Amino acid sequence: MSLGNFLRQMEKEKQVLHVKEEVSTRFEVSHVLKDCDDNGPVLMFDKIDGHTTKVVGNVCGTRKRLCRALNVGEGGLYEKLMEAWRPSGRTKVANDGPVKEVLEKTVDLSKVPFLTHFEKDAGPYATSGVIHAKSPDGRVENVSVHRLQILDKTHFAIRLVPRHLFNLWNMAKAAGRDLDVAISIGMHPAVLLAASSPVAFGVCEFDVANALMGGDLRLVDCEHVDAHAPAEAELVLEGRISTTKEVVEGPFVDVTGTYDIQRKQPVVEVVGIMRREEYVYEALLPSGAEHRLLMGLPHEVLIWDSVTKVVPKIGAVNLSVGGCGWLHAVIAVEKQVDGDGKNALLAAFAAHPSLKHAVVVDTDIDVFDACDVEWAIATRFQAGEDLVLVPNARGSTLDCSANQETGLTTKVGVDATRPLGKPREKFDRARIPVDERFERLVCRLRGSA
Ligand code: MN
(Lines give C-alpha, C1' and ligand atoms only; values in the text may rest on other atoms or scores of the structure.)
Protein backbone atom coordinates (compact mmCIF):
# COMPACT_ATOMS: atom_id res chain seq x y z
CA MET A 1 0.00 0.00 0.00
CA SER A 2 1.39 3.32 -1.09
CA LEU A 3 0.51 7.00 -1.04
CA GLY A 4 -0.57 6.55 -4.67
CA ASN A 5 -3.03 3.77 -3.73
CA PHE A 6 -4.56 5.97 -1.06
CA LEU A 7 -4.77 9.01 -3.36
CA ARG A 8 -6.55 6.95 -6.02
CA GLN A 9 -9.04 5.82 -3.38
CA MET A 10 -9.54 9.44 -2.31
CA GLU A 11 -10.00 10.55 -5.95
CA LYS A 12 -12.82 8.01 -6.27
CA GLU A 13 -14.43 9.35 -3.12
CA LYS A 14 -14.14 12.94 -4.44
CA GLN A 15 -11.80 13.92 -1.62
CA VAL A 16 -9.09 15.44 -3.82
CA LEU A 17 -9.10 19.04 -5.01
CA HIS A 18 -6.74 19.73 -7.92
CA VAL A 19 -5.07 23.10 -8.02
CA LYS A 20 -4.48 23.50 -11.75
CA GLU A 21 -3.06 27.02 -11.67
CA GLU A 22 0.71 27.33 -11.45
CA VAL A 23 1.78 28.08 -7.88
CA SER A 24 5.10 28.84 -6.22
CA THR A 25 6.80 26.74 -3.53
CA ARG A 26 7.47 30.05 -1.80
CA PHE A 27 4.39 30.88 0.34
CA GLU A 28 1.77 30.11 -2.35
CA VAL A 29 1.35 26.37 -1.73
CA SER A 30 1.36 26.89 2.04
CA HIS A 31 -1.21 29.69 1.70
CA VAL A 32 -3.63 27.37 -0.12
CA LEU A 33 -2.97 24.61 2.43
CA LYS A 34 -3.72 27.03 5.27
CA ASP A 35 -6.86 28.26 3.52
CA CYS A 36 -8.27 24.71 3.24
CA ASP A 37 -7.17 23.76 6.75
CA ASP A 38 -10.58 23.28 8.35
CA ASN A 39 -11.80 19.80 7.43
CA GLY A 40 -10.51 20.42 3.92
CA PRO A 41 -9.85 18.02 1.04
CA VAL A 42 -6.57 16.49 -0.08
CA LEU A 43 -4.88 19.19 -2.20
CA MET A 44 -3.03 18.18 -5.34
CA PHE A 45 -0.92 20.93 -6.86
CA ASP A 46 -0.58 19.89 -10.49
CA LYS A 47 1.72 22.73 -11.62
CA ILE A 48 4.58 23.98 -9.49
CA ASP A 49 6.58 26.96 -10.73
CA GLY A 50 10.07 25.82 -11.71
CA HIS A 51 9.41 22.11 -11.10
CA THR A 52 7.94 19.17 -13.00
CA THR A 53 7.01 17.42 -9.75
CA LYS A 54 3.49 17.59 -8.33
CA VAL A 55 2.97 18.48 -4.69
CA VAL A 56 0.27 16.91 -2.53
CA GLY A 57 -0.85 18.19 0.87
CA ASN A 58 -3.43 17.71 3.61
CA VAL A 59 -3.49 13.95 2.98
CA CYS A 60 -3.93 13.18 6.70
CA GLY A 61 -5.90 16.39 7.31
CA THR A 62 -9.11 14.93 8.77
CA ARG A 63 -9.96 12.18 11.27
CA LYS A 64 -12.27 10.66 8.69
CA ARG A 65 -9.46 10.29 6.14
CA LEU A 66 -7.12 8.76 8.70
CA CYS A 67 -9.85 6.25 9.57
CA ARG A 68 -10.37 5.51 5.85
CA ALA A 69 -6.63 4.96 5.49
CA LEU A 70 -6.57 2.53 8.40
CA ASN A 71 -9.81 0.91 7.29
CA VAL A 72 -11.46 1.43 10.66
CA GLY A 73 -14.56 3.25 11.95
CA GLU A 74 -13.99 6.31 14.17
CA GLY A 75 -15.19 4.28 17.17
CA GLY A 76 -12.45 1.68 16.70
CA LEU A 77 -9.54 3.97 15.88
CA TYR A 78 -7.98 4.21 19.36
CA GLU A 79 -8.11 0.43 19.93
CA LYS A 80 -6.55 -0.22 16.54
CA LEU A 81 -3.68 2.17 17.29
CA MET A 82 -3.12 0.72 20.79
CA GLU A 83 -2.90 -2.76 19.33
CA ALA A 84 -0.45 -1.71 16.61
CA TRP A 85 1.79 -0.03 19.20
CA ARG A 86 2.72 -3.53 20.40
CA PRO A 87 3.64 -5.05 17.04
CA SER A 88 4.17 -8.80 17.03
CA GLY A 89 6.08 -9.21 13.77
CA ARG A 90 8.93 -7.55 11.92
CA THR A 91 8.50 -5.77 8.59
CA LYS A 92 9.79 -7.69 5.57
CA VAL A 93 12.74 -6.30 3.63
CA ALA A 94 12.38 -6.73 -0.14
CA ASN A 95 15.17 -6.72 -2.74
CA ASP A 96 13.62 -4.01 -4.85
CA GLY A 97 10.71 -1.60 -4.94
CA PRO A 98 9.17 1.30 -6.89
CA VAL A 99 11.26 3.78 -4.89
CA LYS A 100 14.34 2.44 -6.70
CA GLU A 101 12.99 3.26 -10.19
CA VAL A 102 15.47 6.16 -10.32
CA LEU A 103 18.78 6.22 -8.45
CA GLU A 104 20.04 9.78 -8.90
CA LYS A 105 23.69 10.04 -9.97
CA THR A 106 24.19 13.42 -8.37
CA VAL A 107 22.45 14.85 -5.34
CA ASP A 108 20.73 18.19 -5.96
CA LEU A 109 18.12 19.16 -3.38
CA SER A 110 17.14 22.26 -5.38
CA LYS A 111 15.32 19.90 -7.79
CA VAL A 112 12.88 18.88 -5.02
CA PRO A 113 9.96 21.32 -4.49
CA PHE A 114 10.57 21.94 -0.78
CA LEU A 115 8.25 24.64 0.51
CA THR A 116 8.87 27.94 2.24
CA HIS A 117 5.83 28.13 4.53
CA PHE A 118 5.74 31.31 6.62
CA GLU A 119 7.03 34.86 6.39
CA LYS A 120 9.90 34.63 8.90
CA ASP A 121 10.91 31.01 8.26
CA ALA A 122 14.66 30.58 7.80
CA GLY A 123 13.99 29.19 4.29
CA PRO A 124 12.57 26.10 2.60
CA TYR A 125 12.00 23.05 4.81
CA ALA A 126 11.11 19.40 4.33
CA THR A 127 8.36 18.69 6.86
CA SER A 128 7.01 15.21 6.06
CA GLY A 129 10.32 13.32 6.16
CA VAL A 130 10.06 9.98 7.98
CA ILE A 131 13.51 9.16 9.29
CA HIS A 132 14.84 5.65 9.94
CA ALA A 133 18.08 5.00 11.83
CA LYS A 134 19.78 2.23 13.80
CA SER A 135 21.95 2.12 16.91
CA PRO A 136 25.67 1.39 16.26
CA ASP A 137 25.17 -2.26 17.31
CA GLY A 138 22.11 -2.51 15.04
CA ARG A 139 19.86 -3.60 17.90
CA VAL A 140 17.63 -0.53 18.19
CA GLU A 141 15.79 0.91 15.20
CA ASN A 142 13.77 4.08 15.25
CA VAL A 143 11.46 5.90 12.87
CA SER A 144 10.36 9.48 13.53
CA VAL A 145 9.40 12.73 11.81
CA HIS A 146 11.75 15.73 11.95
CA ARG A 147 11.80 19.08 10.24
CA LEU A 148 14.73 19.61 7.89
CA GLN A 149 15.98 23.02 6.84
CA ILE A 150 17.53 23.10 3.37
CA LEU A 151 21.02 24.63 3.59
CA ASP A 152 22.34 23.99 0.05
CA LYS A 153 22.18 21.38 -2.73
CA THR A 154 23.43 18.56 -0.48
CA HIS A 155 22.82 19.61 3.13
CA PHE A 156 20.02 19.98 5.67
CA ALA A 157 19.93 21.13 9.27
CA ILE A 158 17.85 18.70 11.34
CA ARG A 159 15.87 19.59 14.46
CA LEU A 160 16.61 16.78 16.92
CA VAL A 161 14.24 17.06 19.88
CA PRO A 162 15.69 15.10 22.80
CA ARG A 163 13.85 11.86 22.08
CA HIS A 164 14.65 8.60 20.32
CA LEU A 165 16.57 9.71 17.22
CA PHE A 166 18.54 12.06 19.47
CA ASN A 167 19.45 8.99 21.61
CA LEU A 168 20.67 7.12 18.54
CA TRP A 169 22.64 10.18 17.43
CA ASN A 170 24.30 10.33 20.87
CA MET A 171 25.16 6.62 20.62
CA ALA A 172 26.76 7.21 17.20
CA LYS A 173 28.65 10.19 18.62
CA ALA A 174 30.00 8.04 21.48
CA ALA A 175 31.11 5.47 18.88
CA GLY A 176 32.93 8.25 17.01
CA ARG A 177 30.89 8.17 13.83
CA ASP A 178 28.06 9.94 12.02
CA LEU A 179 24.52 8.52 12.00
CA ASP A 180 23.18 6.96 8.78
CA VAL A 181 19.56 7.85 8.04
CA ALA A 182 16.95 7.20 5.38
CA ILE A 183 14.61 10.17 4.96
CA SER A 184 11.45 8.90 3.25
CA ILE A 185 8.84 11.22 1.80
CA GLY A 186 5.40 10.37 0.39
CA MET A 187 3.96 7.18 1.90
CA HIS A 188 0.69 5.63 2.94
CA PRO A 189 -0.80 7.64 5.90
CA ALA A 190 -0.27 4.66 8.23
CA VAL A 191 3.50 5.22 8.03
CA LEU A 192 3.27 8.90 9.07
CA LEU A 193 0.86 8.05 11.89
CA ALA A 194 3.12 5.22 13.12
CA ALA A 195 6.19 7.46 12.99
CA SER A 196 4.33 10.02 15.16
CA SER A 197 3.27 7.45 17.76
CA PRO A 198 4.66 7.59 21.32
CA VAL A 199 5.96 4.00 21.45
CA ALA A 200 8.88 2.98 23.68
CA PHE A 201 12.52 3.33 22.63
CA GLY A 202 13.36 0.04 20.97
CA VAL A 203 10.05 -0.42 19.17
CA CYS A 204 10.60 0.18 15.44
CA GLU A 205 7.78 2.36 14.19
CA PHE A 206 7.93 0.70 10.74
CA ASP A 207 6.68 -2.43 12.52
CA VAL A 208 3.82 -0.35 13.97
CA ALA A 209 2.99 0.88 10.45
CA ASN A 210 3.19 -2.69 9.18
CA ALA A 211 0.71 -3.79 11.87
CA LEU A 212 -1.63 -0.90 10.93
CA MET A 213 -1.39 -1.99 7.28
CA GLY A 214 -2.20 -5.62 8.01
CA GLY A 215 1.35 -6.79 7.28
CA ASP A 216 1.53 -5.09 3.86
CA LEU A 217 4.50 -2.76 4.42
CA ARG A 218 7.71 -3.64 2.59
CA LEU A 219 11.11 -2.03 3.20
CA VAL A 220 14.22 -1.81 1.04
CA ASP A 221 17.88 -1.25 1.90
CA CYS A 222 19.32 2.10 0.95
CA GLU A 223 22.05 2.26 -1.71
CA HIS A 224 24.59 4.39 0.20
CA VAL A 225 23.73 4.22 3.90
CA ASP A 226 22.84 1.56 6.45
CA ALA A 227 19.12 2.31 6.85
CA HIS A 228 15.74 1.19 5.54
CA ALA A 229 13.01 2.96 3.60
CA PRO A 230 9.52 1.86 2.55
CA ALA A 231 9.75 0.17 -0.86
CA GLU A 232 6.74 2.14 -2.08
CA ALA A 233 7.85 5.60 -0.91
CA GLU A 234 7.80 8.39 -3.49
CA LEU A 235 11.22 9.81 -2.60
CA VAL A 236 14.07 8.79 -0.29
CA LEU A 237 16.99 10.99 0.70
CA GLU A 238 19.91 8.94 2.00
CA GLY A 239 21.85 10.92 4.55
CA ARG A 240 24.35 11.06 7.37
CA ILE A 241 23.67 13.19 10.44
CA SER A 242 26.98 14.72 11.44
CA THR A 243 28.03 14.29 15.06
CA THR A 244 30.55 17.12 14.75
CA LYS A 245 29.05 19.80 12.49
CA GLU A 246 26.28 22.07 13.76
CA VAL A 247 24.54 25.15 12.34
CA VAL A 248 21.88 27.59 13.50
CA GLU A 249 18.46 26.12 12.69
CA GLY A 250 15.27 28.19 12.43
CA PRO A 251 13.30 30.28 12.99
CA PHE A 252 10.47 27.95 12.03
CA VAL A 253 6.76 27.70 12.88
CA ASP A 254 5.71 24.90 15.24
CA VAL A 255 2.31 23.33 15.96
CA THR A 256 1.16 26.40 17.93
CA GLY A 257 1.40 28.58 14.82
CA THR A 258 4.09 30.71 16.50
CA TYR A 259 7.81 30.79 15.72
CA ASP A 260 10.10 28.36 17.47
CA ILE A 261 13.47 29.79 18.56
CA GLN A 262 16.79 29.34 16.74
CA ARG A 263 19.14 26.65 18.06
CA LYS A 264 22.42 25.02 17.07
CA GLN A 265 21.44 21.74 15.41
CA PRO A 266 23.32 19.01 13.52
CA VAL A 267 23.98 19.08 9.78
CA VAL A 268 22.80 16.23 7.53
CA GLU A 269 24.76 15.46 4.39
CA VAL A 270 22.61 13.89 1.67
CA VAL A 271 24.68 11.26 -0.15
CA GLY A 272 22.07 9.62 -2.36
CA ILE A 273 18.56 10.01 -3.73
CA MET A 274 16.17 7.20 -4.68
CA ARG A 275 12.78 7.98 -6.18
CA ARG A 276 9.93 6.88 -8.35
CA GLU A 277 10.17 7.92 -11.99
CA GLU A 278 7.27 10.36 -11.57
CA TYR A 279 7.24 11.05 -7.88
CA VAL A 280 4.82 13.24 -5.95
CA TYR A 281 6.27 15.44 -3.23
CA GLU A 282 4.28 15.35 0.01
CA ALA A 283 3.92 18.66 1.83
CA LEU A 284 2.88 19.05 5.45
CA LEU A 285 1.95 22.51 6.68
CA PRO A 286 3.43 23.34 10.11
CA SER A 287 0.57 24.09 12.56
CA GLY A 288 -1.94 22.86 9.94
CA ALA A 289 -4.61 20.22 10.44
CA GLU A 290 -2.28 17.35 9.53
CA HIS A 291 0.43 18.50 11.89
CA ARG A 292 -2.09 18.80 14.74
CA LEU A 293 -3.70 15.45 14.01
CA LEU A 294 -0.51 13.46 13.54
CA MET A 295 0.97 14.92 16.72
CA GLY A 296 -2.22 14.98 18.77
CA LEU A 297 -4.17 11.88 17.83
CA PRO A 298 -1.71 9.37 19.35
CA HIS A 299 -1.88 11.39 22.59
CA GLU A 300 -5.68 11.25 22.52
CA VAL A 301 -5.19 7.49 22.62
CA LEU A 302 -2.99 7.83 25.73
CA ILE A 303 -5.60 10.07 27.41
CA TRP A 304 -8.42 7.73 26.44
CA ASP A 305 -6.53 4.73 27.83
CA SER A 306 -5.69 6.53 31.08
CA VAL A 307 -9.17 7.99 31.71
CA THR A 308 -10.80 4.62 30.94
CA LYS A 309 -8.93 3.23 33.95
CA VAL A 310 -10.55 5.67 36.40
CA VAL A 311 -14.03 6.21 34.89
CA PRO A 312 -15.65 3.04 33.56
CA LYS A 313 -17.42 4.57 30.57
CA ILE A 314 -15.94 7.30 28.44
CA GLY A 315 -16.98 8.82 25.14
CA ALA A 316 -14.77 10.70 22.72
CA VAL A 317 -11.54 12.59 23.41
CA ASN A 318 -10.54 15.67 21.43
CA LEU A 319 -7.20 17.45 21.51
CA SER A 320 -8.93 20.46 20.03
CA VAL A 321 -8.02 22.56 17.00
CA GLY A 322 -7.96 25.81 19.02
CA GLY A 323 -5.63 24.14 21.51
CA CYS A 324 -3.19 23.39 18.66
CA GLY A 325 -4.10 19.68 18.83
CA TRP A 326 -1.71 19.53 21.78
CA LEU A 327 -2.44 21.80 24.74
CA HIS A 328 -6.24 21.49 25.19
CA ALA A 329 -8.28 18.34 25.70
CA VAL A 330 -12.03 17.82 25.86
CA ILE A 331 -13.10 14.46 27.27
CA ALA A 332 -16.63 13.07 27.41
CA VAL A 333 -17.41 10.69 30.28
CA GLU A 334 -20.43 8.87 31.63
CA LYS A 335 -20.19 9.83 35.26
CA GLN A 336 -21.16 7.16 37.82
CA VAL A 337 -20.61 9.29 40.93
CA ASP A 338 -19.75 12.91 41.60
CA GLY A 339 -15.98 13.30 41.58
CA ASP A 340 -15.53 11.11 38.48
CA GLY A 341 -15.12 14.27 36.43
CA LYS A 342 -12.17 15.44 38.52
CA ASN A 343 -10.54 12.01 38.48
CA ALA A 344 -10.88 12.01 34.70
CA LEU A 345 -9.05 15.37 34.62
CA LEU A 346 -6.21 14.05 36.79
CA ALA A 347 -5.88 10.95 34.61
CA ALA A 348 -5.74 13.11 31.47
CA PHE A 349 -2.99 15.33 32.89
CA ALA A 350 -1.00 12.26 33.92
CA ALA A 351 -1.32 10.68 30.45
CA HIS A 352 -0.20 13.72 28.44
CA PRO A 353 2.36 15.84 30.33
CA SER A 354 2.13 18.70 27.79
CA LEU A 355 -1.60 19.10 28.43
CA LYS A 356 -2.39 22.53 29.83
CA HIS A 357 -6.18 22.98 29.91
CA ALA A 358 -8.69 20.12 30.05
CA VAL A 359 -12.48 20.09 30.07
CA VAL A 360 -14.57 17.09 31.06
CA VAL A 361 -18.15 16.95 29.79
CA ASP A 362 -21.05 14.48 29.78
CA THR A 363 -21.53 12.25 26.74
CA ASP A 364 -24.50 14.33 25.45
CA ILE A 365 -21.94 17.02 24.55
CA ASP A 366 -20.08 16.86 21.22
CA VAL A 367 -16.40 17.18 22.17
CA PHE A 368 -15.58 18.24 18.59
CA ASP A 369 -18.03 21.19 18.69
CA ALA A 370 -16.44 24.14 20.53
CA CYS A 371 -19.85 25.83 20.95
CA ASP A 372 -21.32 22.72 22.53
CA VAL A 373 -18.39 22.50 24.95
CA GLU A 374 -18.77 26.17 25.83
CA TRP A 375 -22.50 25.56 26.44
CA ALA A 376 -21.63 22.80 28.90
CA ILE A 377 -19.25 25.14 30.72
CA ALA A 378 -21.90 27.87 30.75
CA THR A 379 -24.69 25.68 32.16
CA ARG A 380 -22.98 22.93 34.18
CA PHE A 381 -19.78 24.40 35.62
CA GLN A 382 -19.22 26.27 38.89
CA ALA A 383 -15.65 27.50 39.30
CA GLY A 384 -15.90 27.47 43.10
CA GLU A 385 -16.45 23.70 43.09
CA ASP A 386 -15.54 22.33 39.69
CA LEU A 387 -12.16 23.89 38.94
CA VAL A 388 -8.83 22.10 39.35
CA LEU A 389 -5.82 24.41 39.43
CA VAL A 390 -2.24 23.11 39.47
CA PRO A 391 0.35 25.91 39.58
CA ASN A 392 4.02 25.27 38.83
CA ALA A 393 3.60 22.01 36.96
CA ARG A 394 5.90 20.93 34.15
CA GLY A 395 4.34 22.11 30.90
CA SER A 396 4.96 22.05 27.19
CA THR A 397 8.05 23.70 25.74
CA LEU A 398 5.77 24.77 22.88
CA ASP A 399 3.65 26.97 25.15
CA CYS A 400 5.05 30.49 24.77
CA SER A 401 3.12 31.67 27.87
CA ALA A 402 4.83 29.12 30.16
CA ASN A 403 7.84 30.28 32.16
CA GLN A 404 10.54 30.22 29.49
CA GLU A 405 13.37 29.59 31.96
CA THR A 406 11.86 26.87 34.12
CA GLY A 407 9.24 25.48 31.69
CA LEU A 408 6.70 25.64 34.53
CA THR A 409 3.06 26.32 33.79
CA THR A 410 -0.32 26.38 35.51
CA LYS A 411 -2.65 23.55 34.54
CA VAL A 412 -6.40 24.10 34.62
CA GLY A 413 -9.03 21.40 34.72
CA VAL A 414 -12.70 22.23 34.19
CA ASP A 415 -15.29 19.69 35.32
CA ALA A 416 -18.31 20.67 33.21
CA THR A 417 -20.29 17.51 33.92
CA ARG A 418 -23.70 18.00 35.52
CA PRO A 419 -23.86 17.38 39.28
CA LEU A 420 -25.59 14.08 40.04
CA GLY A 421 -27.17 15.37 43.25
CA LYS A 422 -29.42 17.84 41.40
CA PRO A 423 -32.43 17.00 39.18
CA ARG A 424 -31.19 15.82 35.79
CA GLU A 425 -33.93 17.58 33.81
CA LYS A 426 -32.59 20.95 34.97
CA PHE A 427 -29.45 20.31 32.90
CA ASP A 428 -30.96 18.59 29.86
CA ARG A 429 -31.10 20.47 26.63
CA ALA A 430 -34.67 21.20 25.58
CA ARG A 431 -35.86 19.34 22.46
CA ILE A 432 -38.46 20.30 19.88
CA PRO A 433 -40.49 17.15 19.18
CA VAL A 434 -41.30 16.66 15.49
CA ASP A 435 -41.83 13.47 13.48
CA GLU A 436 -39.40 12.01 10.94
CA ARG A 437 -41.36 13.31 7.96
CA PHE A 438 -40.97 16.86 9.25
CA GLU A 439 -37.27 16.35 9.95
CA ARG A 440 -36.77 15.24 6.33
CA LEU A 441 -38.58 18.36 5.14
CA VAL A 442 -36.24 20.52 7.23
CA CYS A 443 -33.22 18.70 5.77
CA ARG A 444 -34.51 19.51 2.27
CA LEU A 445 -35.00 23.16 3.21
CA ARG A 446 -31.43 23.29 4.52
CA GLY A 447 -30.17 21.65 1.35
CA SER A 448 -31.73 24.28 -0.88
CA ALA A 449 -30.62 27.21 1.25
MN1 MN B 1 10.72 5.81 18.64
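This is a predicted model: local features need pLDDT of at least 70, side-chain atom pairs count only at pLDDT 80 or more; totals for chains, interfaces and linings use all residues.
Is F27 buried, partly exposed or exposed? F27 counts as partly exposed, because its relative accessibility is 29%.

1. **Backbone at F27.** Let me stay with F27 for a moment. Its phi is near 70°, a positive value in a residue other than glycine. Most residues other than glycine have a negative phi. F27 sits in the loop between β1 (16–19) and α2 (28–35).

2. **Backbone at N392.** N392 also carries a positive phi, about 60°, although it is not a glycine. The setting here is a strand, β22 (residues 387–394). N392 counts as exposed because its relative accessible area is 60%, and the cut-off for that label is over 50%.

3. **A cis peptide bond.** Please check the link between G250 and P251, which is a cis peptide bond with omega about 0°. Most peptide bonds are trans. P251 lies in the loop between β14 (235–249) and β15 (252–253).

4. H164 counts as buried because its relative accessibility is 12%. E205 is buried too, with a relative accessible area of 3%.

5. **Salt bridges, starting with E300 and R63.** The count comes to 27 salt bridges. In one of them the side chains of E300 and R63 meet at 2.8 Å, N to O. E300 is in helix α8 (residues 289–308) and R63 in helix α3 (residues 63–70), so the bridge ties together parts that are 237 residues apart in sequence. Both E300 and R63 are buried.

6. **D254 with R147.** Here the closest N and O atoms are 3.7 Å apart. D254 is in the loop between β15 and β16 (259–260), and R147 is in the loop between β8 (141–145) and β9 (148–150), so parts 107 residues apart in sequence are tied together. D254 and R147 are both buried.

7. **R240 with D180.** This salt bridge has its closest N and O atoms 3.2 Å apart. R240 lies in strand β14 and D180 in strand β11 (residues 179–185), so the pair ties together parts that are 60 residues apart in sequence. How do the two partners compare in burial? R240 is partly exposed, with a relative accessible area of 30%, whereas D180 counts as buried at 19%. The D180 label rests on a cut-off of under 20%.

8. **A charged network.** Some salt bridges join up: D362, D364, R380, R418, R424 and D428 are linked in a network.

9. **The nonpolar cores.** The largest nonpolar core has 76 residues, and L81, I303, V307 and I331 touch the most other members. Helix α8 gives the most to this core, with seven residues. At least three residues come from each of domain 1 (3–277) and domain 2 (290–427). Leaving out residues up to four places away in sequence, L81 touches L70, L193, L212, L297 and V301. Apart from this core lies another, of 41 residues, among them F114, A126, I158 and V268.

10. **Aromatic pairs.** The structure holds five aromatic pairs. One of them is F114 with F156, edge-to-face, at 5.8 Å centre to centre and 80° between the planes. F114 is in the loop between β5 (102–103) and β6 (125–126) and F156 is in strand β10 (residues 155–158), 42 residues apart. Both F114 and F156 are buried. Ring pairs also link F114, F156 and Y281 into a cluster.

Note on methods:
Residues are numbered from 1 along each chain as its sequence is written. Side-chain values use heavy atoms; hydrogens and water are left out. Buried means under 20% relative accessible area, exposed over 50%, partly exposed in between (1.4 Å probe, protein chains only). Helices (H or I, at least four residues) and strands (E, at least two) are DSSP runs, numbered from the N terminus. A salt bridge is a side-chain nitrogen of Lys or Arg within 4 Å of a carboxyl oxygen of Asp or Glu. A nonpolar core is a set of buried Ala, Val, Leu, Ile, Met, Phe, Trp, Tyr and Cys residues joined through side-chain atoms within 4.5 Å. Domain bounds come from an automatic or database domain assignment. Contact means heavy atoms within 4.5 Å. Rings of Phe, Tyr and Trp (its six-membered ring) pair if their centres lie within 6.5 Å; planes under 30 degrees apart count as stacked, over 60 as edge-to-face and the rest as tilted.
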